[in-house]
Amino acid sequence: MMAERLAASLSPASYLLPAAASKRTAQPSSAAFFPSPRRLHSTASCSLRPVPSPLRLFQTAAIGSRRTTSVVMCAASDPAQLKSAREDIKELLKTTFCHPILVRLGWHDAGTYDKNIAEWPKRGGANGSLRFEIELKHAANAGLVNALKLLQSIKDKYSSITYADLFQLASATAIEEAGGPKIPMKYGRVDVSGPEQCPEEGRLPDAGPPSPAGHLRNVFYRMGLDDKEIVALSGAHTLGRSRPERSGWGKAETKYTKDGPGAPGGQSWTVQWLKFDNSYFRDIKEGKDEDLLILPTDAVLFEDSQFKVYAEKYAEDEDAFFEDYAEAHAKLSDLGAKFNPPEGISMDDDSNTNTTTTPQEPFVAAYYSDSEKRKKD
Ligand code: HEM
């Protein structure tokens, strides 16, 4: 309890503030925090040099209002820096309980991918475009400016890591630290260089469309993902909360969220909403607790006959869920990305890559509002 309150008082992000304050600052506005122009246009480890290899070429775009087109050589993200940044992200998670919003940040950067467009970065995907104000202002991204704020000091510390890599590193680390599976990630994603390269609004799914199954298939098939991957990835809602002042969905608070951890309020899908497990599927199936959220796009996973096969399986078998989730998450995190080097960079050559193994010290949140219910589970 003390630790959380201390974390809340130290954090700069409205994500961690009481509901009323959070309400005032949740929507990005022109006065909200955005990276400085220098930060916005910096590309990891780039310098103007003669061109040694076609693989290392790409072009910079606008800087301020002056559009410059230059050949830029970009070094791949440095594995040592990636490892060190991962440790910093772990510390951030311990003090701020921001696992869910970091997962959502990674997903919303990658989930704009359109497999029918070959050209990078027009095809969207994991390219760091979500750092720009124009994309943060898309309705689907309400509140994600707070995730960017949380990560900015880590970005500033590591000059060789792109935003695209940092978003995906933060998301995968959050899943693992919440007790989820090891995600077989690779790194080396190249960043877009300017806001004119952001995708148009409307590529991410709605939570309450007229035909939820058809809508999910339209959106996720466009990303090149299939029914199994739609159901597995939806299981990420085992973490986090929905806030009416951001997405318009969920209750302002419930007995599971009224005291945090982190900023109080919102409605969670699960009781222990900072623990990655298969309770999302078990809770939707049971559907009895009015304090837990079920969006139309969550409910349909048990209504549509093809989705239901996987949803039932994951409700019964957590290992199967972890295995499929880890694979789908890694695929999601690569969507649309341009890697330098093309084969990507692995950080885990020396560590365990068994996707079904839970980390030795699974994340346990310090405190949940309804600690009595927690004891029973
Ligand atoms: C299937 C289609 C999906 C829909 C319609 C959907 C919709 C939503 C909505 C409405 C919220 C609440 C946002 C807020 O009010 O702050 C949310 C939160 C969240 N979503 Fe999804 N989502 C989908 C898929 C995914 C996927 C694929 C992932 C990750 C792999 C994901 C991860 C999350 C997380 C972790 C949160 C909690 C964020 C927080 O607590 O700050 N979602 N989603």
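Guide: The residues of the shell around the ligand split into 12 nonpolar, seven polar and four charged. Here Ala, Val, Leu, Ile, Met, Phe, Trp, Tyr, Cys and Pro count as nonpolar, Asp, Glu, Lys and Arg as charged, and the others, Gly among them, as polar. This is a predicted model, where local features need pLDDT of at least 70, side-chain atom pairs count only at pLDDT 80 or more, and totals for chains, interfaces and linings use all residues. Numbering runs from 1 along each chain as its sequence is written.

Visitor: How many residues surround the ligand, and which are the closest?

Guide: There are 23, and the closest are P100, A236, G240, S242 and S247. A residue is near a molecule if its C-beta atom, placed from the backbone, lies within 6 Å of it.

Visitor: Which helix gives the most to that shell?

Guide: Helix 5, with five residues. Helices (H or I, at least four residues) and strands (E, at least two) are DSSP runs, numbered from the N terminus.

Visitor: New topic: which residues does a cis peptide bond join, with omega about 5°?

Guide: W120 and P121. P121 sits in the loop between helix 5 and helix 6 (133-136). Another cis peptide bond joins G260 and P261, with omega about 10°.

Visitor: And F97, is that buried or exposed?

Guide: F97 counts as buried because it has 27 C-beta neighbours inside 10 Å. The cut-offs are 20 or more other C-beta atoms within 10 Å for buried, 12 or fewer for exposed, and partly exposed in between, with C-beta atoms placed from the backbone.
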